[in-house]
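Please look through the structure before reading the points below.

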Amino acid sequence: MKPQAFLAPQDMSLAETRDLLAVARNLQKNPLRRDLAGKTIGMIFFNPSLRTRTSFDVAMNHLGGHAVILNVGGEGTWTLEYREDIIMDGDKSEHIKEAAQVLSRYVDAIAIRAFSAGTSWEEDRREQIHRAFAAYATVPVINMESQLHHPCQSLADIKTIEDRIGDPAGQPLLVTWGWHPNPLAMAVPNSIVMEAAKFGMEVRLAHPPGWELDSAVIETAGTLAEGAGGSLRIYNNFEEALPGARAVYAKSWGSITHYGDPQQQRAAAAPYRDKWRVTLEHMERTDNAFFLHCLPIRRGIEADAAVLDAPCSAVYDEAENRLHVQKAVLLRMLA
Amino acid sequence: MKPQAFLAPQDMSLAETRDLLAVARNLQKNPLRRDLAGKTIGMIFFNPSLRTRTSFDVAMNHLGGHAVILNVGGEGTWTLEYREDIIMDGDKSEHIKEAAQVLSRYVDAIAIRAFSAGTSWEEDRREQIHRAFAAYATVPVINMESQLHHPCQSLADIKTIEDRIGDPAGQPLLVTWGWHPNPLAMAVPNSIVMEAAKFGMEVRLAHPPGWELDSAVIETAGTLAEGAGGSLRIYNNFEEALPGARAVYAKSWGSITHYGDPQQQRAAAAPYRDKWRVTLEHMERTDNAFFLHCLPIRRGIEADAAVLDAPCSAVYDEAENRLHVQKAVLLRMLA
Amino acid sequence: MKPQAFLAPQDMSLAETRDLLAVARNLQKNPLRRDLAGKTIGMIFFNPSLRTRTSFDVAMNHLGGHAVILNVGGEGTWTLEYREDIIMDGDKSEHIKEAAQVLSRYVDAIAIRAFSAGTSWEEDRREQIHRAFAAYATVPVINMESQLHHPCQSLADIKTIEDRIGDPAGQPLLVTWGWHPNPLAMAVPNSIVMEAAKFGMEVRLAHPPGWELDSAVIETAGTLAEGAGGSLRIYNNFEEALPGARAVYAKSWGSITHYGDPQQQRAAAAPYRDKWRVTLEHMERTDNAFFLHCLPIRRGIEADAAVLDAPCSAVYDEAENRLHVQKAVLLRMLA
């Protein structure tokens, strides 16, 4: 029997997610446990991390367990190949087929961060590093952000939303693109749209033309929203989506249209600088909404510093919730 | 109420320091405790470390706690901005305002190493990375070496001095500059001069003309020395300061005059090579002094290998004392 | 009295090794202990690692202890000098003489990985980094792979052999070179040849002319084999050594003849590509042998993917055994 993998918000049903949030809230009140004594999680990073690395490491410690951290390439561990049936005479030292099976002998779960944008969205949307680990590992696999999803982030997001405004069902959430000097990963917007849809929110997704999210994500989110009595509507002007919004989630992401061409991407995005940046004045046009962002955020770029420093900002609670929900995920998958 | 920060020797009074050293000596005899069970320190490194990284990590473990280590930039965590009110369209991914507040939700104290010399001493002497963390963190902040101070080192130094010669008050300590191929940070000499002054030692500070320490440091140290019945005198020839010295502390540092220009610095320092290097013959001209250095040291450069290998060398005890005093600091700030 | 060092298979007698394997098997059944509570191992990496890093870290945690990981150079700790009596005006920041003595004050054992091939085998075969740590440390030193040996790997290998075919004495083991795009370290073949000889196996070592192992290693292994009632025979065609083999250990290594000249090495090795690669057809010509490799392995290069994925492959058990034998080593040296 293949062990569990937690790779995307839709890997957990609404009921399961609600149960998990209840556990997370309990852990927030009583943080120290010993359920995972003698257990280890292997955390594999292909990309940098502050919140994820710290919160998972602290989470394991709070539960009596231990985290081993592996940075792929450079000073850490070997470069890893994911392609099937390849003659490995290139620059990769080890295949994930081996790495996943070996690590499964040492640790009780494997968590992976790998979100770097390559040259082809068709390639990247397949999350091949995560999928290879999930296929070959014999222990649970947790997504700490892939090219496609960041499900621990969206669990923290939905907990923050519930903590602020109660039952999310039917409540308007604006998820808005923001201008940024670099094309960023799409995992965070994909996951929050999916999660909010699952909870039956009235999801308002705003971005300029050309910054559409992956069509399969939108389709699944639409279906989820419908099933939960919510909705998903797309805006090409985020200011139109402000009135009535109870929460504003800002996040920049790269364009699929210009994927793999950062210069072209920057040129195409240039007209949106300053226009697609959340200000206090925008927040005032909502229904007393609070502000969300997964962090890291660039002050004065995706949102004004004044927004981040205002009482309406929930970004530190949102970051803290990473700890609580991940402890619940770890208990669910390892205890 | 703002939590404690330990950024410089003068952040702790003489009485507090004495108390802390007593705790450190007790921990040296009985190293294992559980006071910090379930507690975590976040250690943020902008620069390399051997002693600091290992001794803090072991210290937390000995006290029942846990250390999370974050290397800023590269394979570790995001590059961090410290400037207030800046539009972040440059090369920094996250502001310390966020990093400090987020980490404060995960860990029980934040320790920071950032001593890299930039281009301007006026800028660097403001220790802006440390000050930003201290301003925004909601948990205690510990200095693991800034551009200006290394207070955990000077605690280990003063403990080593007490262990070797008893009450430091009135005892002559020579702190001498040494030649080195690279301009190094000034934190260690600044802190030991301050700490020794606080304990009323007869501080002899020796360096070639042009290698003066920061004038505010010298002024504060002079005031501290005077208040404690000690003294601070500056020599431009360290050999004059040898007679009567009970301890010789060698340490190279960069020149403020040539700050930010390593080539000019090297040219100006060239005449001092071999002349400003502690030898056994120098040690014999003291009052049976022992030898101190914070390490890492370059053998044959700041001191002869023979000095390091002689019984007069206290450098390994001094390094060991980092562990004991830091455990006392951690108990003081976290327990 | 100088503490123990475990640098090579011959540092442990056959009887001691048998005892250790018995402890390892017991730990495999009952993995969690508290013998090393409050104890720390310092792991120093000059080279990347996946199995070694993870298995030692997990091993310490399973035994109640703690591992501190130091990457030398780069973002981690200082660059280290090993040469005696040198004036350190080059690119190294600290001497191992200091690093080893300081770490000995913080941790209860030091483990070192440093296998990078330099320009001279005469230099590298002296394992000077390991030897310097062993000379200066005042705590036990464990070899996590040097230029010459990887004794924790060969312990895992011999356990795997015993687990599969019982008493190794008199059983034919083929250790065969494989083609690889890069010249790799010789530590693994050196150590398994030595270990297998110690256990009295019929060791068949196969490689093309010019890929001879170090002559001192071969000589010692021959003596060990003779003393244990086994044998060591060298083949220049691995296919001749297949009949009767009970285990096939594939591993590429660099040529001493072309040492320090990767391009010349590649040219000399080119004719052996595909010929020196283990296939299922080769495995069928043995006496139902199982397949060993220390990993990382390049699929389709040192062996066919089909071999790694076949029931005859023991590579994951072999990797798992790293954990069990290292726990036994740690208990032996630290408890």
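Two strands are said to pair if DSSP finds at least two bridges between them. Strands (E, at least two residues) and helices (H or I, at least four residues) are DSSP runs, numbered from the N terminus. The model is predicted: local features need pLDDT of at least 70, side-chain atom pairs count only at pLDDT 80 or more, and totals for chains, interfaces and linings use all residues. Residues are numbered from 1 along each chain as its sequence is written, while chains are lettered from A and ligands numbered from 1 in the order in which they are written.

**Sheet of chain A**

- Strands of a sheet pair through backbone hydrogen bonds, either parallel or antiparallel.
- In chain A, five strands form an open sheet in the order β1-β7-β6-β2-β3, with parallel pairing.
- At the edges stand β1 (5–6) and β3 (66–71) of chain A, each with a single partner strand, so one side of each has no neighbour in the sheet.
- Six bridges join strand β2 (residues 40–45) of chain A to β3(A) in the parallel sense.
- The bridge partner of I41(A) in β3(A) is A67(A).

**Domains of chain A**

- Chain A is divided into domain 1 (5–149 + 322–334) and domain 2 (153–318); such bounds come from an automatic or database domain assignment.
- The centres of domain 1 and domain 2 of chain A, taken over C-alpha atoms, are separated by 25 Å.
- Their contact takes 23 residues from domain 1 of chain A and 22 residues from domain 2 of chain A, where two residues are in contact if their C-beta atoms, placed from the backbone, lie within 7 Å.
- On the side of domain 1 of chain A that touches domain 2 of chain A, the elements giving two or more residues are α1 (14–29) and α12 (315–334) of chain A.
- With five residues, α1(A) gives the most to that side of domain 1.
- That side of domain 1 has ten nonpolar, nine polar and four charged residues; Ala, Val, Leu, Ile, Met, Phe, Trp, Tyr, Cys and Pro count as nonpolar, Asp, Glu, Lys and Arg as charged, and the others, Gly among them, as polar.

**Contact between chains A and B**

- Chain A contributes 29 residues to the contact and chain B contributes 26 residues.
- On the side of chain A that touches chain B, α2 (51–62) and α12 of chain A each supply at least two residues.
- The most comes from α2(A), with eight residues.
- By class, this side of chain A has 13 nonpolar, nine polar and seven charged residues.
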